[in-house]
Amino acid sequence: MHANDVKMSLEEVIEETRDFLSEEFEVDRDLILPENSLKDTLDLDSLDYVDLVVLIDENLNIKLTGEDFKGIETFGDFYQLVGKKLAL
């Protein structure tokens, strides 16, 4: 299910996001918390950001670019970006 197909709450989007990020990046789901660093927790390099953009598109049907990640430090920042893109 894509977030845009059925209006999901931000909390539902966060839960779905935590699921696919933990699976894709092989990180304990419990580490994907709003206050934690997106880059450090997922151990992202520049190529991983490309994977992340593709994952977001596939799972949430949101088009992001590298520019969208400027200023994104924590998962909380990331969730705000996703919420804004979904108009939640």
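Visitor: Which residues do ring pairs link into a cluster?
Guide: Ring pairs link Y49, F69, F75, F78 and Y79. Rings of Phe, Tyr and Trp (its six-membered ring) pair if their centres lie within 6.5 Å; planes under 30 degrees apart count as stacked, over 60 as edge-to-face and the rest as tilted.

Visitor: Before we go on, what kind of model is this?
Guide: This is a predicted model, where local features need pLDDT of at least 70, side-chain atom pairs count only at pLDDT 80 or more, and totals for chains, interfaces and linings use all residues. Residues are numbered from 1 along each chain as its sequence is written, and side-chain values use heavy atoms, with hydrogens and water left out.

Visitor: OK, how many aromatic pairs are there by that ring rule?
Guide: The count is four. In one of them, the ring centres of Y49 and F69 are 5.5 Å apart and the planes sit at 65°, so that pair is edge-to-face.

Visitor: And where do Y49 and F69 lie?
Guide: Y49 is in helix α3, while F69 is in the loop between α3 and α4 (75-85), so the pair ties together parts 20 residues apart in sequence. Helices here are DSSP runs (H or I, at least four residues), numbered from the N terminus.

Visitor: Is F69 buried or exposed?
Guide: F69 counts as buried, at 9% relative accessibility. Buried means under 20% relative accessible area, exposed over 50%, and partly exposed in between (1.4 Å probe, protein chains only).

Visitor: What about F75 and Y79, how is that pair arranged?
Guide: F75 and Y79 make a tilted pair, 6.3 Å centre to centre with 35° between the planes. Both F75 and Y79 are buried, and they are four residues apart in helix α4, which means about one helical turn separates them.

Visitor: Switching topic: how do α1 and α3 cross?
Guide: The axes of α1 (residues 10-25) and α3 (residues 46-60) come within 11 Å and cross at roughly 135°. That makes α1 oblique to α3. Axes are lines fitted to C-alpha atoms, for helices over the stretch in contact, with angles from 0 to 180 degrees between N-to-C directions. Under 35 degrees counts as roughly parallel, over 145 as roughly antiparallel, 65 to 115 as roughly perpendicular and the rest as oblique.

Visitor: Which residues meet there?
Guide: On the α1 side they include V13, F20 and L21, and on the α3 side L52, L55 and I56 are among them.

Visitor: Last one: what does S37 touch?
Guide: Leaving aside neighbours within four places in sequence, S37 is in contact (heavy atoms within 4.5 Å) with E73, T74 and F75. S37 is in the loop between α1 and α2 (38-42).

How values were computed:
Helices (H or I, at least four residues) and strands (E, at least two) are DSSP runs, numbered from the N terminus.
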